[in-house]
Amino acid sequence: MVGSIEAKSLLSNGSVQQNGLNLEEKLDEFRRLLGKSDKDPLRIVSVGAGAWGSVFAALLQESYGGFREKFQIRIWRRPGRAVSRPTAEHLFEVINSREDVLRRLIRRCAYLKYVEARLGDRTLYADEILKDGFCLNMVDTPLCPLKVVTNLQEAVWDADIVVNGLPSTETRQVFEEISKYWKERITVPIIISLSKGIETALEPVPHIITPTKMIHQATGVPIENVLYLGGPNIAAEIYNKEYANARICGAEKWRKPLAKFLRQPHFIVWDNSDLVTHEVMGGLKNVYAIGAGMVAALTNESATSKSVYFAHCTSEMIFITHLLAEEPEKLAGPLLADTYVTLLKGRNAWYGQMLAKGEINRDMGDSISGKGMIQGVSAVGAFYQLLSQSSLSILHSEEKKPVAPVESCPILKTLYKILITREQSTQAILQALRDETLNDPRDRIEIAQSHAFYRPSLLDQP
């Protein structure tokens with residue numbers, strides 16, 4: 001594949017090497033940190049089978065799956081989700097366009113069911129096709145075969161590492177159920193959350209609850225064992241080995257060893273101590289990506305209009321970041337990079353485009369067939385609710401009176417009226433941009449930089 005990076009080689013003893021690093025040695029080193037005995041494999045389970053969760057599991061399977069006595073990975077998803085007839089037909093086309101996939105399915109005696117599904121003679125299920133390497137939210141990118149478990153207790157009860165691939169809106173509920181199966185555990189698992197979304201709580205003071213905090217509250221697993229992995233990347237492109245990077249954030253005890261364990265030649269993983277802020281920023285960019293998609297569709301992909309929107313939305317993001325982070329400058333690069341890729345090709349930007357084109361409507365909900373959960377919708381509601389609290393009031397630059405922070409975020413206010421209260425159409429996003437009373441984006445940034453904005457309570461920090 002043009003532009004891809006493949007740096008694996010086979011050593012004389014049969015071990016796989018990546019850029020001079022023996023994969024088995026990396027695996028053994030991490031196993032020793034966990035205190036695993038020789039006959040006790042490292043057990044990883046990915047909970048949730050969206051695009052990123054499935055790709056993450058497939059990357060680990062391809063790297064370490066050959067060491068069967070030392071490594072096991074499985075993926076959990078709910079059973080019973082039927083694959084629609086149009087999706088089954090498209091899936092059949094994908095299979096037949098890839099000789100390697102076609103041969104693999106024939107060898108596994110699995111090809112016939114896809115033929116029958118195309119003809120409408122049988123129904124395929126999402127957990128069934130996942131075993132063959134097809135994620136329902138990403139059928140154009142076949143993965144490697146995966147070990148799929150539909151019983152949650154069976155999936156997680158003995159896992160050393162649990163990967164949270166669930167939307168933020170489902171994280172708390174599923175991990176509360178998981179906690180029931182861990183009551184007799186002696187060892188404490190490591191949890192890596194991939195989820196980008198937030199909730200807002202108003203008591204005892206207004207604050208944000210992130211997926212890692214939900215997991216900690218639901219399971220009682222110490223926060224030092226709960227980490228967040230995120231970065232500017234598109235799942236299908238990462239699996240196709242386009243060069244990408246990400247950060248694993250959390251306590252030093254596990255983030256540095258995990259960064260080394262997860263790193264691949266085409267997927268560079270850095271580590272960072274700032275867990276909550278990076279996690280919140282991952283949710284914030286989804287908010288503005290939806291608006292970017294609307295602007296692109298409504299202006300026929302006008303580069304000028306999109307740049308105007310980008311100037312205003314990034315200034316709002318910087319404004320919000322100053323409220324949330326003590327040292328917001330450190331987040332500028334990662335936040336803008338994640339925003340950039342999401343605006344280019346993310347599902348939230350796609351959702352905004354489809355809404356503006358009238359190809360989908362808001363009554364269809366946040367979970368869209370073939371795309372999965374559009375997490376930016378709930379994030380719009382959460383950020384609006386948080387920043388509209390009068391207890392967080394700031395001094396308005398022109399009126400010189402206290403106002404809620406959301407009053408300085410016209411794009412966020414407009415998205416709230418389009419997506420949550422539904423009192424405005426998608427055209428309102430252009431009306432907001434064309435409002436001659438809208439302040440220069442530079443003014444918003446200067447306001448944020450000239451005031452002591454940081455509110456530790458917003459992220460539930462001491």
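Tutor: Happy to! Let's begin where helix α3 (residues 85-97) packs with α4 at an angle of about 105°, their axes 5 Å apart. Axes here are lines fitted to C-alpha atoms, for helices over the stretch in contact, and angles run from 0 to 180 degrees between N-to-C directions. Helices (H or I, at least four residues) and strands (E, at least two) are DSSP runs, numbered from the N terminus. α3 and α4 are therefore roughly perpendicular to each other; angles under 35 degrees count as roughly parallel, over 145 as roughly antiparallel, 65 to 115 as roughly perpendicular and the rest as oblique.

Before going on, please keep in mind that this is a predicted model, in which local features need pLDDT of at least 70 and side-chain atom pairs count only at pLDDT 80 or more, while totals for chains, interfaces and linings use all residues. Residues are numbered from 1 along each chain as its sequence is written, and side-chain values use heavy atoms, leaving out hydrogens and water.

Which residues touch? From α3 come Ile 95, Asn 96 and Ser 97, and they meet Glu 99, Val 101, Leu 102 and Leu 105 of α4, where contact means heavy atoms within 4.5 Å. These residues divide into four nonpolar, two polar and one charged. In this grouping Ala, Val, Leu, Ile, Met, Phe, Trp, Tyr, Cys and Pro count as nonpolar, Asp, Glu, Lys and Arg as charged, and the others, Gly among them, as polar.

Now follow the chain out of α4. Cys 109 lies in the loop between α4 (99-107) and α5 (111-119), and its phi is near 55°, a positive value in a residue other than glycine.

The axes of helix α12 (residues 275-298) and helix α17 (residues 410-419) come within 10 Å and cross at roughly 75°. α12 and α17 are therefore roughly perpendicular to each other. Here Val 287, Tyr 288, Ile 290, Gly 291 and Met 294 of α12 meet Ile 411, Leu 412, Leu 415, Ile 418 and Leu 419 of α17. That contact has nine nonpolar residues, one polar and no charged.

Stepping back, the domain assignment gives domain 1 (17-79 + 148-195 + 210-273) and domain 2 (276-459); such bounds come from an automatic or database domain assignment. The centres of domain 1 and domain 2, taken over C-alpha atoms, are 30 Å apart, and 19 residues of domain 1 are in contact with 15 residues of domain 2.

Across their interface the rule finds one salt bridge, meaning a side-chain nitrogen of Lys or Arg within 4 Å of a carboxyl oxygen of Asp or Glu. The structure holds 27 salt bridges. One of them joins Lys 70 to Asp 28, with the closest N and O atoms 3.1 Å apart. Lys 70 lies in the loop between α2 (51-64) and β5 (71-76) and Asp 28 in helix α1 (residues 23-33), so this pair ties together parts that are 42 residues apart in sequence.
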